[in-house]
Each structure stands twice: as structure tokens, then as C-alpha cells.
Amino acid sequence: MTLTPSTWNSLEIVKLFASLLTPAALTVLGIFIQRAGRRYEDRRWVNQKIIEKRLEIYDQLAPSLNDILCYFTFIGCWKEFDPPEMIKRKRVIDRQIHLAKPLFPESFFVACQALMRECFTAFGGPWGSDSQLKTTLEGRKQAHPKPWDDLWSTHFNAEHADPARVQLLYKAVMKEFTASFGQLDFTPSEYLRELPRDVREDAMR
């Protein structure tokens, strides 16, 4: 087949296009890899900061949660706590887990609430009423190292938490803590869609 000048021109155009395309494709690929690497590094930095914050929250919550465990299962230093102290601990824990909710999986928040519901009554009395302790009153009065204040008796509820269940629920919270250090499913949008249905109810727990 005889190559005409038009055929040669076409071949030259194809060669020229191919020579230009390869550097362009490499440039685009390089930009894509660079951006992907930057996104990976940004994500890794965010994940590291989330883990650091979760560890900080653990340091804040763990001692109070352990005190709850001791008090309601009659182990360790349970005799040393005044009933008002335990009510105060509940309020502090409730506040901390609500503030921490955007940074943890939903299962962590659910586990903490389950433990609190087992040990304390939810708000249900007159405005300004505190939660009550779901544990026995008798025996604590005799075992308490300091003089018993008769007003403390009003902090107890007729319903009593099962110590074995308290231990299981406490372990569930600790398990969620442990899992959260290697499970980064940070989805703030899901949390931000949720608002308390009753601000007074949350405040009085």
C-alpha cells in the first residue's frame, strides 16, 4: 500500500498526540496520588487526635465508673462513700458521656446509660428532685465509717440493683472503651441530628 502525504500527516498527528498524552497522563496520575496521600495523612492525623481525646475522656470517666461499681457491688472502698457523693457522681458521669457522645460509637453511650439506669432512678419526682440510689439502705448505716445523716436515707429507692448485673454492665462499658481505641467510625452528623426531647429530664437525671 502506498502511503500518501495525507496518511503520513495522520500518522504524525497520532504520534504527536501519543507523545503529549503520556506526560499529561503521568501528570494527572501524579496529582491524583499526591491528593490521595494528603487525604490519607489528614485522616490519620484526625484519627490520632480522636484516640487521644478518647483516652483523655477515659481518664476522666474511669475512676467515677469504678466507684459506682464498688458502691453497688459492695467491694473495695464502698463503705467510704456518702450517698450524696454517689448522686453527684451520677450527674458528673451523665454530663461527661453526653459531651463525649460525638467522639464515640453509639454503642458506648448506650452501655453507659444502661449502667446508670441499673444503679439509679431516672428523674420522676417533683422539680429539682435528685435521682435515687437503687441499693439497700440497711447495713450501710452500720458500716459507714462516719456518723450517718438521717437525710441520706431519702436518697435510697425501694428498687435494688442486682450486683451481678452491675458487674456485667460495667464490663460492657469497659469493653466499649477498649474497642473505641481501635474502631474509628467518627460520624458526627448522626449525633447532631439528635436533640434531647426533654431538657428538664436530662438535667434532672
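**Close-up 1. Cys77 in the loop between helices α1 and α2 of a predicted model.** Cys77 has a relative accessibility of 25% and counts as partly exposed (buried is under 20% relative accessible area, exposed is over 50%, and partly exposed lies in between, with a 1.4 Å probe and protein chains only). Helices are DSSP runs of H or I with at least four residues, numbered from the N terminus. The C-alpha atoms of Cys77 and Asp67 are separated by 7.9 Å, with the two residues 10 apart along the chain. The model is predicted, and local features need pLDDT of at least 70, side-chain atom pairs count only at pLDDT 80 or more, and totals for chains, interfaces and linings use all residues. Residues are numbered from 1 along each chain as its sequence is written, and side-chain values use heavy atoms, with hydrogens and water left out.

**Close-up 2. Phe74 in the loop between α1 (5–73) and α2.** Phe74 has a phi near 60°, a positive value in a residue other than glycine. The relative accessible area of Phe74 is 33%, and the residue is partly exposed.

**Close-up 3. Helix α2, residues 83–100.** The 18 residues of α2 reach 26 Å from the first C-alpha to the last, close to the 26 Å expected at 1.5 Å a residue (the expected span is 1.5 Å times one less than the number of residues). Buried residues of α2 are Pro83, Met86, Ile87, Lys90, Ile93, Asp94, Gln96, Ile97 and Ala100.

**Close-up 4. Helix α3 (residues 106–119) against helix α5 (residues 163–180).** Their axes come within 9 Å and cross at roughly 160°; axes are lines fitted to C-alpha atoms, for helices over the stretch in contact, and angles run from 0 to 180 degrees between N-to-C directions. The two helices are therefore roughly antiparallel, a term for angles over 145 degrees. The contact (heavy atoms within 4.5 Å) involves Ser107, Phe108, Ala111, Cys112, Ala114, Leu115, Glu118 and Cys119 of α3, and Arg165, Val166, Leu169, Tyr170, Ala172, Val173, Glu176 and Phe177 of α5. These contact residues comprise 12 nonpolar, 1 polar and 3 charged; Ala, Val, Leu, Ile, Met, Phe, Trp, Tyr, Cys and Pro count as nonpolar, Asp, Glu, Lys and Arg as charged, and the others, Gly among them, as polar.

**Close-up 5. Leu137 in the loop between α3 and α4 (140–143).** Leu137 touches Trp148, Ser153 and Phe156, leaving aside residues up to four places away in sequence. From Leu137 to His160 the C-alpha to C-alpha distance is 9.7 Å, and the two are 23 residues apart in sequence.

Notes. Angles under 35 degrees count as roughly parallel, over 145 as roughly antiparallel, 65 to 115 as roughly perpendicular and the rest as oblique.
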